[in-house]
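Please open the model in your viewer and keep the sequence panel beside it.

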Amino acid sequence: MILFNDQKVLIEQYPDGTQRIHLDVEGAGDSDIKWLYENDAELASLIYITKHFRNKNQGKLTLWLYYVPNARMDRTHNADEVFTLKYFAETINWLAFDKVKILDPHSNVTPALLDRCSAVDLKKIICGIMEEIEKKAGEEVVLYFPDAGAYKKYTEMFPERRSCYGSKHRDWDTGKILGLTVEKCGLDLNGKTVLMIDDIVAYGGTMHYGAVELKKLGAKEVYAYCSHAEMSVLDEEKGTLLKSLKDGTVQKLYTTGSIFRGQSPYIEVIPV
């Protein structure tokens, strides 16, 4: 979905599959494009809309790209792997936006590749969630992160908060998570309310295993937040986090509207 100055752009198709777009930009002045990613075809739409704006208007243009497509492909290991994030970023840079705003990138490679890029205030979003949970729980929330990398990333944002992280056990042949160990960092988790934090969730296996172990260690209630929840989180068969939400192991999943378009009584969507 693409919005121009907060209005959804209607993108139709001719019978041959090419796009038909109507967008009045004359006199718009400084403007915003918000790309709430749904599929790769929208990149072509973004190119057409941006070029149309440049042709009709001299104003500045900001791209709000909350979820950056290809963010997981932030490095290559083999010669036959295509460095999709690099080439995606080159395409965005070619469009020469005056500003590019992103939310919780998967790694620091993403903002390094994008020109004139800065991050949306993630701390404000998470603090709002913590306040809501703490009001209900009547106590300070303990933070949990799925691995050491996330622990380092987010504890720099919340240095005053008590926190711990998980150490995953994988089948390296299949990549499947078999379980994990909670590195307690000196904390006694018995009776505590815990908020798990991650950037991207697909089926939620990491969150599921983390919640199970936190409960074994005595956590009273476990909540989850991810900045970008893929629609696969609702998969009835593969969605392990969904199962944890249904059986009460996890109380609620909070996420933003960056890529999540679904509805669920177990998921609270924070508008972006």
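**Stop 1: a loop residue**

Select Asp 6, which is found in the loop between β1 and β2. Strand names such as these refer to DSSP runs numbered from the N terminus, with helices being H or I runs of at least four residues and strands being E runs of at least two. Although Asp 6 is not a glycine, its phi is positive, at about 70°.

Before continuing, please note that this is a predicted model, in which local features need pLDDT of at least 70 and side-chain atom pairs count only at pLDDT 80 or more, while totals for chains, interfaces and linings use all residues. Residues are numbered from 1 along each chain as its sequence is written, and side-chain values use heavy atoms, with hydrogens and water left out.

**Stop 2: the open sheet**

Next, select the strands on either side of this loop. Strand β1 (residues 2-4) pairs with β2 in the antiparallel sense over two bridges; two strands are said to pair if DSSP finds at least two bridges between them. Strands of a sheet pair through backbone hydrogen bonds, either parallel or antiparallel.

Now extend the selection to the whole sheet. In what order do the six strands of the open sheet stand? The order is β2-β1-β5-β6-β7-β8, and the pairing is mixed. β2 (7-8) and β8 (117-119) stand at the edges, each with a single partner strand, so one side of each is left without a neighbour in the sheet.

Select Leu 3 and look to both sides. In β2 its bridge partner is Lys 8, and in β5 the bridge partner of Leu 3 is Lys 34. β1 and β5 run antiparallel and are joined by three bridges.

Moving along, select strand β5 (residues 31-35) and strand β6 (residues 61-65), which run parallel and are joined by four bridges. Two pairs may be picked out here: Asp 32 stands opposite Thr 62 in β6, and Lys 34 has Trp 64 as its bridge partner in β6. Four of the five residues of β5 are buried, and four of the five residues of β6 are buried too. Here, buried means under 20% relative accessible area, exposed means over 50%, and partly exposed lies in between (1.4 Å probe, protein chains only).

**Stop 3**

Select Ala 96, in the loop between α2 (84-94) and β7 (99-102). Ala 96 is not a glycine, yet its phi is positive, at about 55°. With a relative accessible area of 38%, Ala 96 is partly exposed.

**Stop 4: a pocket and a cavity**

Both terms rest on a 1 Å grid over the protein atoms alone: a cavity is a set of points where a 1.4 Å probe fits but cannot get out, a pocket is an open set with protein on both sides within 12 Å along at least five of seven lines, and lining residues have an atom within 4 Å of a point. Points are joined across faces, edges and corners, and a volume is the space filled by probe spheres set on them.

Return to Lys 8, one of the residues that line the second largest pocket; others to select include Met 1, Ile 2, Gln 13, Glu 38 and Ser 45. The volume of this pocket is about 210 Å³. Which element supplies the largest share of its lining? That element is α1, with three residues.

Then select Tyr 67, Val 68, Ala 71, Leu 103, Asp 104, Pro 105, His 106, Ile 200 and His 228, which line the largest cavity. Its volume is about 40 Å³.

**Stop 5**

Select Thr 193 in strand β12 (residues 193-201). Is this residue buried or exposed? Thr 193 is buried, at 0% relative accessibility. Its side chain makes a polar contact of 2.7 Å with the side chain of Glu 139; a polar contact is a pair of N or O atoms within 3.5 Å, where, within protein, one must be able to donate a hydrogen and the other to accept it, and residues adjacent in sequence count only if both atoms are side-chain atoms.

Finally, select Thr 249, in the loop between α7 (240-246) and β14 (253-256). Thr 249 is buried, with a relative accessible area of 16%. A polar contact of 2.6 Å joins its side chain to that of Asp 247.
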